[in-house]
Amino acid sequence: MAVLVARQGRELQRYSASTGGRIVVGCIPYRIREREGEEEIEVLVISSQKGHGMMFPKGGWEVDESMDEAARREALEEAGVRGDTEPVLGMWHYKSRRYHDQTYEGIMFPLHVTHELLQWPEMSSRKRTWATVQEVMEGCQHAWMREALQELVARHAKLQSAL
């Protein structure tokens, strides 16, 4: 059995030329469930390390990886899932809660979950929960993450209407 360890430190992080803040890459891990004859998106949310609220896996984009590799790494480290990334949902600017003078660029991908691990690097500091879109919209404290989720839902609806 291989031991997975989360990356730490900021020496490999990328910074935005426009804001000076970190470039943060994340994903919305999701799966499709059949409920009452209709497909429904369920998303995987995680708690912050301090245990407050729900959010999606995200973290710094490092110089030795592509953007989608960073999104998949964060999903593995923080939520213990693997999957396939899909085209970017968008980019948002947001203020850091820790460093109030910093504005970060956040880039989010959908991640169609294919494997849910029993053990993962941050399992002792984070909880993961499958939730409905409505539950996440009501419980996520980050407006930019809710907007990314709205984009994922809109894409899924567009695909369904094309079928």
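Q: Which residues have the most contacts inside the largest nonpolar core?
A: The model is a predicted one. Its largest nonpolar core has 38 residues. Elements that give two or more residues to this core include β1 (23-35), β2 (38-47), α1 (67-79) and α3 (143-162). The residues with the most contacts inside the core are I28, V43, F56, M108, V136 and L149.

Q: Leaving aside neighbours within four places in sequence, which residues is V43 in contact with?
A: V43 is listed among the residues with the most contacts inside the largest nonpolar core. In soluble globular proteins, nonpolar side chains tend to be buried together. With neighbours within four places in sequence left aside, the contacts of V43 are I28, P29, Y30, F56, T129, W130, A131, T132, V136, L149 and L152.

Q: In what order do the elements of the protein chain run from the N terminus on?
A: The secondary structure comprises three helices and eight strands. Read from the N terminus, the elements run β-β-β-β-α-β-β-β-β-α-α.

Q: What radius of gyration does the protein chain have, and why does it agree with a compact globule?
A: The C-alpha atoms fill a box of roughly 50 × 40 × 30 Å along the principal axes. Because the chain has 163 residues, a compact globule would have a radius of gyration near 15 Å, and the chain agrees with this at 16 Å.

Q: Is P57 buried or exposed?
A: P57 lies in the loop between β3 (54-55) and β4 (58-60). Beyond four places in sequence, P57 touches G26, C27, P29, I46, E74, A75, E78 and A79. Its relative accessible area is 0%, and buried means under 20%, so P57 is buried.

Q: Is E74 buried or exposed?
A: E74 is found in helix α1. Not counting residues up to four places away in sequence, E74 touches V25, P57, K58, G59, G60 and A79. Since its relative accessibility is 5%, E74 counts as buried.

Q: How far apart are the mean positions of the positive and negative charges?
A: The chain carries 21 positive and 25 negative charges. The separation of their mean positions is 6 Å.

Notes. Residues are numbered from 1 along each chain as its sequence is written. This is a predicted model: local features need pLDDT of at least 70, side-chain atom pairs count only at pLDDT 80 or more; totals for chains, interfaces and linings use all residues. Side-chain values use heavy atoms; hydrogens and water are left out. Helices (H or I, at least four residues) and strands (E, at least two) are DSSP runs, numbered from the N terminus. The radius of gyration is taken over C-alpha atoms; the globule rule is 2.2 Å times the number of residues to the power 0.38. Lys and Arg count as positive and Asp and Glu as negative; His and the chain ends are not counted. The place of a charge is taken as NZ of Lys, CZ of Arg, CG of Asp or CD of Glu. Buried means under 20% relative accessible area, exposed over 50%, partly exposed in between (1.4 Å probe, protein chains only). Contact means heavy atoms within 4.5 Å. A nonpolar core is a set of buried Ala, Val, Leu, Ile, Met, Phe, Trp, Tyr and Cys residues joined through side-chain atoms within 4.5 Å.
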